[in-house]
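Trainee: I have a new structure open and want to learn to read it. Where do we begin?
Mentor: Let us look at it together.

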Amino acid sequence: MKSDNLLLKPKVYGFFDESTNAASYIVKDPSSENCAIIDSVLDFDVSSGSIKTDFADKMAKKVTELGLDVEWVIETHVHADHLSAAPYLARKFGSKIAIGSNINVVQKLFGKIFNAGTEFQMDGSQFDVLFEDQDQFKIGYMPVKVIHTPGHTPACVTYIVGDAAFIGDTLFMPDFGTARADFPGGSAQDLYESIQKILSLPEKTRLFLCHD
């Protein structure tokens, strides 16, 4: 990605879900009112098996307050520790849902483990767009580059948006280390190589991750 893109400084609004220690983001194009929502959380109560949209509604309220247009609701990866509010938010704002193209690998692995059966489509068709490594798209006028950063899962990707990189579970805060690589399809070697990709980004790149 051209170094000129580092001059682009998207506005990033972070949201923290205490129950899962997960971080979600709204990233806004500085030249328009367009934005994307990244790694949203759907509340899940284990004891009752019920779901709520309280956390997602906080993000939606911020979008409305700022008068933003949500073009994309995107995921850096499939989350094992929380449900995604992407379908709920995409319906609410008429947005496209996207994830890395290797989602079908993850679906097939976990589909067999949990005996999902033939009714569950394992081809990524639940998403509007499946990003390949090095793909580019735009949030408003702002270009976004996708890089494949597997290891935690085979479908993990990083989104480079101006001087910001949304790296999912590849790295955590310095006192917490890296993501785990012991899920089905995970790979410590792939994770190490993905971390090297992230660490090779320009020094001024801001890193936004999914967990503290």
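Trainee: Which strands form the open sheet of five, and in what order?
Mentor: Keep in mind that this is a predicted model. The five strands run in the order β9-β10-β11-β12-β13 across an open sheet, with mixed pairing.

Trainee: Which are the edge strands?
Mentor: Look for strands that pair on one side only. Here these are β9 (136-139) and β13 (206-209). On average, neighbouring strands of this sheet are turned by 25° against each other, direction ignored.

Trainee: How many bridges join β10 to β11?
Mentor: Five bridges link β10 (residues 142-148) with β11 (residues 157-161), and the two run antiparallel.

Trainee: What about β3 and β6, parallel or antiparallel?
Mentor: They pair in the parallel sense, over five bridges. In this pairing C35 stands opposite V70 in β6. Strand β6 also runs parallel to β7, joined by three bridges. There V73 is opposite I97 in β7.

Trainee: How do the side chains of a regular strand lie?
Mentor: In a regular strand they alternate between the two faces of the sheet.

Trainee: Now the cores. Which residues touch the most other members of the largest nonpolar core?
Mentor: The core has 24 residues, and I26, I37, V73 and L89 touch the most other members. Several elements give two or more residues to it, including β1 (11-17), β2 (22-28), β3 (34-38), β6 (69-74) and β7 (96-100). The largest share, five residues, comes from α1.

Trainee: Where does another core lie?
Mentor: Apart from the largest one lies a core of 21 residues. Among its members are V27, W72, I74 and A98.

Trainee: Back to V73. What does V73 touch?
Mentor: Leave out residues up to four places away in sequence. Then V73 touches I37, S40, A86, L89, A90, S95, K96, I97 and A98.

Trainee: Is C35 buried or exposed, and why?
Mentor: Buried means under 20% relative accessible area. C35 is buried because its relative accessible area is 0%.

Trainee: And why does C156 count as buried?
Mentor: C156 counts as buried because its relative accessibility is 2%.

Trainee: How many disulfides does the count give?
Mentor: A disulfide needs two cysteine sulfur atoms within 2.5 Å. By this rule the count is zero.

Definitions and conventions
Residues numbered from 1 in each chain as written. Predicted model: local features only at pLDDT ≥ 70, side-chain atom pairs only at ≥ 80, totals over all residues. Heavy atoms only, no water. Pairing = 2+ DSSP bridges. Helix = DSSP H or I, 4+ residues; strand = E, 2+ residues; numbered from the N terminus. Axes fitted to C-alpha atoms, helices over the stretch in contact; angles between N-to-C directions. Core = buried A, V, L, I, M, F, W, Y, C linked by side-chain atoms within 4.5 Å. Buried < 20%, exposed > 50% of the residue type's maximum accessible area, 1.4 Å probe, protein only. Contact = heavy atoms within 4.5 Å.
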